[in-house]
Amino acid sequence: MPTEQLILIVEDEPKIAQILVDFFQLEGFNTAVLHDGRDAVKQVQALNPAAVILDVMLPHKDGLTICREVREFSQVPILMLTARVDEIDRLSGLGFGADDYICKPFFPREVVARVKATLKRNQVQQQSNSKLISYKNLQLDTDKFRCLLEQQEIELTPVEFRLLGALVAKPGVVLSRDVLMTKCYEDDRIVSHRTIDSHMKNLRSKLAVNTQPPLVHSVYGVGYKVE
């Protein structure tokens, strides 16, 4: 797959970083590597990468802090690497704005496949004709990947944007977590219900700043709806 897209890899273990470099380069990507978190945010700004592979445990500045700071100015896809296997740490990563996570040890091809799937979804969205979805005081521009609520822009991650788009497309209809998974992850990965709940919690929190009563509602034991 010929490409000149740059993948920024922030990983403090040189062997792991080099394995990722090798596999991404085999697929035609350019790569840049950092072995600590000190300059990671500056490099995202300077390099404008297509995606970021970000380890959670890094010297000088941890991955969760980096992810949070990057989300203040960019919606670049972020895949987090973690050696922690308990659900709390995984959801913490997602809560800081990560698009995906993968646990060590991992298969390098899986990391590449997940990044390629994310980039493909973004490319399709950018190449599609401009489409505005409106509901009450909310507007979604699927071409510009933009969310307006009460005429104010709300910064959403790609997963949050797709979640909201799925709900707004069917106002009043309760969508189960399984249905929402298929809307957000088109590569048939297995994602827990708690992961969807974590994304929904973040989405509802962002929307609540500009709207009362809440736009997105949880239906206990079933799923979510907009109303």
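## Aromatic pairs

The count of aromatic pairs here comes to two, going by ring centres within 6.5 Å. Keep in mind that this is a predicted model.

One of these pairs is F24 with F29: the ring centres sit 5.7 Å apart and the planes meet at 85 degrees, so this one goes down as edge-to-face. How accessible are the two partners? F24 has 0% relative accessibility and counts as buried. F29, at 2% relative accessibility, counts as buried too.

## The sheet

Next up is an open sheet of five strands, running in the order β2-β1-β3-β4-β5 with parallel pairing. At its edges are β2 (30-34) and β5 (100-103), each of which pairs on one side only. Ignoring direction, neighbouring strands in this sheet are turned by 20 degrees against each other on average.

Strand β4 (residues 78-82) pairs with β5 in the parallel sense, over four bridges. L79 has D100 of β5 as its bridge partner.

## Where α6 meets α8

Now for the helices. The axes of α6 (residues 158-168) and α8 (residues 193-208) come within 10 Å and cross at roughly 80 degrees. Angles of 65 to 115 degrees count as roughly perpendicular, and α6 and α8 therefore fall into that class.

Which residues make the contact? From α6 there are V159, E160, L163, L164 and L167, and from α8 there are H199, M200, N202, L203, K206 and L207. Sorted by class, this α6 and α8 contact has seven nonpolar, two polar and two charged residues.

How values were computed: Residues are numbered from 1 along each chain as its sequence is written. This is a predicted model: local features need pLDDT of at least 70, side-chain atom pairs count only at pLDDT 80 or more; totals for chains, interfaces and linings use all residues. Side-chain values use heavy atoms; hydrogens and water are left out. Axes are lines fitted to C-alpha atoms, for helices over the stretch in contact, and angles run from 0 to 180 degrees between N-to-C directions. Helices (H or I, at least four residues) and strands (E, at least two) are DSSP runs, numbered from the N terminus. Angles under 35 degrees count as roughly parallel, over 145 as roughly antiparallel, 65 to 115 as roughly perpendicular and the rest as oblique. Contact means heavy atoms within 4.5 Å. Ala, Val, Leu, Ile, Met, Phe, Trp, Tyr, Cys and Pro count as nonpolar, Asp, Glu, Lys and Arg as charged, and the others, Gly among them, as polar. Two strands pair if DSSP finds at least two bridges between them. Rings of Phe, Tyr and Trp (its six-membered ring) pair if their centres lie within 6.5 Å; planes under 30 degrees apart count as stacked, over 60 as edge-to-face and the rest as tilted. Buried means under 20% relative accessible area, exposed over 50%, partly exposed in between (1.4 Å probe, protein chains only).
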